[in-house]
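Visitor: I'd like to learn how to read a structure like this one. Could you walk me through it?

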Amino acid sequence: MSDRHSIYRSILIGLVGGAAGTLAMGQYWTRAAPLVEGSSDGEGSDGGGSQKPKPDQHSIAPLGQVHEPGESSTAALGRLAYEGVAGHAPGKQTRAALSEAVHWGIGAVSGGLYGALAGRGNPVKGAAFGVGLWALVDEGLVPLLGLQDGPAGSPARGHANRLGAHVAYGLGLSLTVLLLDAVLPRD
């Protein structure tokens, strides 16, 4: 098999692995994150309380905050793209769909990058890749672009949860890549 065919195969397997990693990340948010967050601080809950999300007072974005208070970075990115194309803000259901599309798209593309860089799956490499994404993208690039609050705008538990979610992503990604690489033909 040629090197070119090999890299395409690795990227394709990585894309599928990225989707599996995104699924693992979702399971982390559903099952593990509530245990880390606890129930006393109420962060991220929509329990009908009177507290509204406040503008980010800890922004590190040179061009300012572009996400709306309480809006996730994927929802902000989806909303901004929609507004750029349509010229107006999306409705509530469209915002939710755009957020999911951005989340899954970034997960798959990141998996393709992992496939191109790492080739075969390895749980240690996958976890390290997840930590790298968390540090460089989630903790660095996303706040710098104003797509989420600055680091000081989130409690330590929030940072720990985002790290845990990215480790789950990396493990789901790498284990899927390892499995697919073993079962799919090489020609």
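Visitor: Let's start simple. How many helices and strands does the chain have?

Guide: Keep in mind that this is a predicted model. The chain has 5 helices and 0 strands, so read from the N terminus the order of elements is α-α-α-α-α. Of its 187 residues, 36% are buried.

Visitor: What share of the contacts between residues at least 6 apart in sequence join residues at least 24 apart?

Guide: That share is 75%. Ser2 belongs to the segment before α1, and with 43% relative accessibility it counts as partly exposed.

Visitor: Now the helices. How do I describe two of them packed together?

Guide: Two packed helices are described by the angle between their axes and the distance between the axes. Take α2, residues 73-86, and α3: their axes are 8 Å apart and the angle is about 110 degrees. An angle of 65 to 115 degrees counts as roughly perpendicular, so that is the label for α2 against α3. The crossing of α2 past α3 is right-handed.

Visitor: Which residues of α2 and α3 meet there?

Guide: On the α2 side they are Thr74, Ala75, Leu77, Gly78, Arg79 and Tyr82. Facing them in α3 are Thr94, Arg95, Leu98, Ser99, Val102, His103 and Ile106. Between the two helices there's a loop, and Gly91 is in it. Gly91 is partly exposed at a relative accessible area of 40%. From Gly91 to Arg79 you count 12 residues in sequence and 9.5 Å in space, C-alpha to C-alpha.

Visitor: And how do α1 and α3 cross?

Guide: Their axes come within 6 Å, and the crossing angle is roughly 140 degrees. Antiparallel would need over 145 degrees, so α1 ends up oblique to α3. This crossing is right-handed. In α1 the contact includes Ile7, Ser10, Gly14, Gly18 and Met25. In α3 it includes His103, Trp104, Gly107, Gly111 and Gly115.

Visitor: Let's turn to the inside. What should I look for in a core?

Guide: In soluble globular proteins, nonpolar side chains tend to be buried together. Here the largest nonpolar core has 14 residues, and those that touch the most other members are Tyr28, Tyr114, Phe129, Tyr169, Leu173 and Val177. The elements that give two or more residues to this core are α1 (3-37), α3, α4 and α5 (156-183). The largest share, 6 residues, comes from α5.

Visitor: There are some rings in that list. How many aromatic pairs does the structure hold?

Guide: It holds 2. In one of them, the ring centres of Tyr28 and Trp29 are 5.9 Å apart and the planes stand at 85 degrees, so you call the pair edge-to-face, the cut-off being over 60.

Visitor: What about the pair of Tyr114 and Phe129?

Guide: Tyr114 and Phe129 are also edge-to-face, with 5.3 Å centre to centre and 65 degrees between the planes. Tyr114 is in helix α3 (residues 92-118) and Phe129 in helix α4 (residues 123-144), so the pair links distant parts of the chain, 15 residues apart. Tyr114 is buried at 2% relative accessible area, and Phe129 is buried too, at 14%.

Visitor: One last residue. Where is Leu144, and what does it touch?

Guide: Leu144 is in helix α4 and is partly exposed, with 42% relative accessible area. Not counting residues up to four places away in sequence, Leu144 touches Ile60, Ala61 and Pro62. Its C-alpha atom is separated by 7.9 Å from that of Ser59, 85 residues apart along the chain.

Notes: Residues are numbered from 1 along each chain as its sequence is written. This is a predicted model: local features need pLDDT of at least 70, side-chain atom pairs count only at pLDDT 80 or more; totals for chains, interfaces and linings use all residues. Side-chain values use heavy atoms; hydrogens and water are left out. Rings of Phe, Tyr and Trp (its six-membered ring) pair if their centres lie within 6.5 Å; planes under 30 degrees apart count as stacked, over 60 as edge-to-face and the rest as tilted. Helices (H or I, at least four residues) and strands (E, at least two) are DSSP runs, numbered from the N terminus. Buried means under 20% relative accessible area, exposed over 50%, partly exposed in between (1.4 Å probe, protein chains only). A nonpolar core is a set of buried Ala, Val, Leu, Ile, Met, Phe, Trp, Tyr and Cys residues joined through side-chain atoms within 4.5 Å. Axes are lines fitted to C-alpha atoms, for helices over the stretch in contact, and angles run from 0 to 180 degrees between N-to-C directions. Angles under 35 degrees count as roughly parallel, over 145 as roughly antiparallel, 65 to 115 as roughly perpendicular and the rest as oblique. A crossing is left-handed if the near helix is turned anticlockwise from the far one by less than a right angle, and right-handed if clockwise. Contact means heavy atoms within 4.5 Å.
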